[in-house]
Amino acid sequence: MSKTFKNYVNGEWVTSDSNETISSINPADNDDVLGLFQASTINDADNGIDSAYSAKKEWSNISQVERGNYLLNAAKYLENNSGKFADSITRECGKAILESRGEVGRAIALLQYYGIEGSNPIGDVVPSINPKILLYTKKIPLGVVSLITPWNFPLAIPIWKMAPALVYGNTVVLKPASATPLIATLIAEMWDYVGLPKGVFNLIVGSGSTVGERLINNPKVNAVSFTGSTNTGKDIAVKSAQNGNKFQLEMGGKNPVIVLPDADLNQAAEITISGAMKYSGQKCTATSRVIVVGDILEKFTELLVEKTKSLIIGPGIDEKSIVVPVIDKHSLDNIENMINKAIKDGAEIVHGGSKINEGFFDKGNFIQPTILSNVEHDSFIACEEVFGPVLSIISAKDYDEAIEIANSVQYGLSAAIFTKSLNLSMDFAERIEAGVIKINGETAGLEPQVPFGGLKSSSSGNREQGKAAIEFFTNTKTIYVDRSAT
Ligand code: NDP
C-alpha cells in the first residue's frame with residue numbers, strides 16, 4: 001500500500017478537496033510506486049496563493065540577513081539528509097545516482113550562495129548632478145511568486161528559483177512536475193524543519209492545466225518563474241503579459257557541438273557523448289547535434305560509436321549506469337517516433353535506435369543510446385528537441401558553414417566548439433547564438449554562481465542564478481533625498 005502525501009499550505013500538511021491522488025512511478029521499474037500525491041484543484045491553488053499573500057508583508061519586513069539565515073539552515077539540513085535526497089531523485093526521475101548526488105550538492109551550493117547573498121547590498125548609491133541630493137536605489141520584493149518546474153532536475157531547479165525569491169523577500173507557491181512530487185514534498189519537509197514562517201513557502205501538487213494555470217491567472221500572483229517546454233512557456237508568457245505580471249521562462253534547447261579538424265578528436269568524442277548520453281539526454285543543455293567540419297567525418301563518427309558502445313545502460317541506482325531510463329512510456333514512444341521519422345527523412349542509424357525490452361529492462365523505460373548520421377541540418381530531427389539519448393551527426397564543409405548550421409534552429413541555449421585555435425574559439429563565442437558557451441567543454445554542466453539562460457526561443461531573457469537572479473525577483477525604487485530642503 002503506497003503512502004499518501006499532502007500539500008503544504010500555511011505551515012500545515014493538507015489534503016486536496018478533490019479527494020483524488022496522482023502516483024509517482026520509478027522510471028527504472030514501473031511497478032515501484034513511490035507514493036500517492038494530491039491531485040489538487042483550482043481551490044487548492046487559491047488556498048496556497050492566499051497563504052503566500054497573507055505572509056508576504058511580514059516576510060518582506062524582516063531583515064534580509066535573517067532571511068538569508070533560513071537558507072543557510074536549509075543548506076545544513078540538505079547536507080545532513082543528502083543521501084535520502086539523492087536516492088529519492090534517482091528513484092523518482094531515474095537519474096544516475098552519481099548525478100543525483102551532484103544535483104544535491106548543487107542545491108546545497110545554491111542555498112549557501114543565496115544565504116550569503118542575504119548580507120550583500122540590494123541597491124546602489126549613485127552620484128546626483130546636484131551635490132545636495134542623496135540619490136540611491138533599493139531593490140524591493142515582487143510579492144507572491146509562482147514557481148512552475150519540470151521533472152528533470154526536481155531538486156536543483158525549484159531551489160535555484162526559490163532561494164533567490166525568498167532571500168529578496170518574496171513568498172512562493174511551488175507547483176512541481178506531476179512526475180516528481182516526492183522531491184517537492186521533501187523540499188517542503190526541509191522548510192518545515194528549519195521553521196520558515198508560515199505561508200512563506202507553499203507546495204501545491206497537481207496538473208499543469210489545473211494548478212499551473214491558476215498559479216498564472218490568480219490576481220494575487222505578482223510573477224511566474226517557469227522551466228519546461230517551449231509551448232507551455234510561450235503560453236505562460238501571453239497570459240502573464242495579459243495579467244501585467246513579470247515572467248521568467250527557461251525552455252528547450254537543440255544544443256550544437258562544432259568539431260574542427262585540429263581538435264583532439266578522442267577528447268572531443270568523449271565529451272560529446274557525455275553531453276548527449278548521460279541522463280539519457282534529458283537535460284535542457286544536453287548535446288543534440290554534432291557538426292563535424294571537413295574530412296574528419298568518418299574518423300570522428302567511428303570514435304563517437306566506440307565511446308557510445310562503452311556506456312553501461314541500466315537503472316540509475318547502479319553506480320555503473322550511465323544511460324538510464326527516460327521519464328515515462330510516453331517519452332519513450334516519442335523518442336522512438338522521432339528516430340523513425342529521422343530515418344524516413346534520410347538519416348542513417350550508426351548505433352542504437354531501439355527500445356530495450358529484454359529481462360528487467362522491460363519493467364522500465366529504456367532506449368538504446370542512438371547516433372544518427374547523414375542528418376540534413378534543416379530536417380525535423382536536427383531542429384526539434386528530442387529529450388532522449390539521440391545524437392545527430394551533421395557534416396559541414398568549413399567553419400563558417402558550421403556556424404550557420406548551428407545558428408539555424410529556433411533555440412539558443414548552450415553550444416560548444418572543439419578546436420586548438422584560440423582565434424576561432426573567440427570568434428565562436430562572438431558568433432554563436434547561445435546563452436551558455438563552452439570552449440572544448442560539454443554543453444551540459446553549469447556553475448550556480450553565474451547567470452544561466454538562453455537566447456531566442458530557449459528563454460525569456462531574464463537570467464537565473466548568480467547575481468542575475470536579483471533582477472527578476474525584485475523591483476527597483478529610485479530615491480532622491482534633497483538635503484538642501486528645510
Ligand atoms: P512541461 O512544459 O510539460 O512541464 C513543465 C511544468 O509546467 C510542469 O510542472 C507542468 O505540469 C507544468 N505545466 C504544463 N502545462 C501547463 C500549463 N498549461 N500551465 C501551467 N503549467 C503547466 O515540460 P516537461 O516537464 O515535460 O519538461 C521537459 C521540458 O522542459 C523540455 O522541453 C526541456 O527542454 C525543458 N527544460 C528546460 C530547462 C531550461 O532550464 N531551459 C531545464 C529543464 C527542462 P505537469 O507536470 O503537471 O504537466
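Me: How many salt bridges are there across the interface of domain 1 and domain 2?
Reply: The rule finds four salt bridges across the interface of domain 1 and domain 2, and please keep in mind throughout that this is a predicted model.

Me: And how many residue pairs are in polar contact there?
Reply: Across that interface the rule finds 10 residue pairs in polar contact, with both residues at pLDDT 80 or more. On the side of domain 1 that touches domain 2, at least two residues each come from strand 4 (29-38), helix 3 (82-93), helix 4 (97-117) and helix 8 (230-243).

Me: How many residues are in contact between them, and what area do they bury?
Reply: On the domain 1 side 25 residues are in contact with 24 residues of domain 2. The size of an interface is often given as the accessible area lost when the parts come together. For domain 1 and domain 2 that buried area is about 2,000 Å², with 57% of it on carbon and sulfur atoms.

Me: Back to salt bridges, what is the count by this rule?
Reply: The count comes to 24 salt bridges by this rule. One of the pairs is lysine 363 with aspartate 29, where the closest N and O atoms are 4.0 Å apart. That pair links distant parts of the chain, since lysine 363 sits in the loop between strand 14 (348-351) and strand 15, whereas aspartate 29 is in strand 4, 334 residues apart.

Me: How accessible are lysine 363 and aspartate 29?
Reply: Lysine 363 is partly exposed, having a relative accessible area of 41%, and aspartate 29 is also partly exposed, with a value of 23%. Together with Asp31, the residues Asp29 and Lys363 are linked in a network of salt bridges.

Me: What about glutamate 270, which side chain does it meet in a salt bridge?
Reply: Glutamate 270 meets the side chain of lysine 307, at 3.4 Å from N to O. Here too distant parts of the chain are linked, with glutamate 270 in helix 9 (residues 265-277) and lysine 307 in helix 10 (residues 297-309), 37 residues apart.

Me: Is lysine 307 buried or exposed?
Reply: Lysine 307 counts as buried because its relative accessible area is 11%, and buried means under 20%.

Me: Changing topic, which residues touch the most other members in the largest nonpolar core?
Reply: That core has 70 residues, and Leu111, Leu155, Ile159, Met190, Trp191 and Phe201 touch the most other members. The core draws at least three residues from each of domain 1 (7-251 + 459-479) and domain 2 (255-439). Apart from this core lies another, of 30 residues, which includes Ala342, Leu372, Val375 and Val390.

Me: What is leucine 111 in contact with?
Reply: If you leave aside neighbours within four places in sequence, leucine 111 is in contact with Leu71, Leu72, Ala74, Ala75, Leu78, Ile159, Ala163, Met190 and Trp191.

Me: Where is serine 373, and what does it touch?
Reply: Serine 373 is found in strand 15 (residues 370-373) and is buried, with a relative accessible area of 13%. Not counting residues up to four places away in sequence, serine 373 touches Ala347, Glu348, Val350 and Ile393.

Conventions: Residues are numbered from 1 along each chain as its sequence is written. Side-chain values use heavy atoms; hydrogens and water are left out. A nonpolar core is a set of buried Ala, Val, Leu, Ile, Met, Phe, Trp, Tyr and Cys residues joined through side-chain atoms within 4.5 Å. Buried means under 20% relative accessible area, exposed over 50%, partly exposed in between (1.4 Å probe, protein chains only). Domain bounds come from an automatic or database domain assignment. Contact means heavy atoms within 4.5 Å. Buried area is the accessible area (1.4 Å probe) that two parts lose on being put together, summed over both. A polar contact is a pair of N or O atoms within 3.5 Å; within protein, one must be able to donate a hydrogen and the other to accept it, and residues adjacent in sequence count only if both atoms are side-chain atoms. Helices (H or I, at least four residues) and strands (E, at least two) are DSSP runs, numbered from the N terminus.
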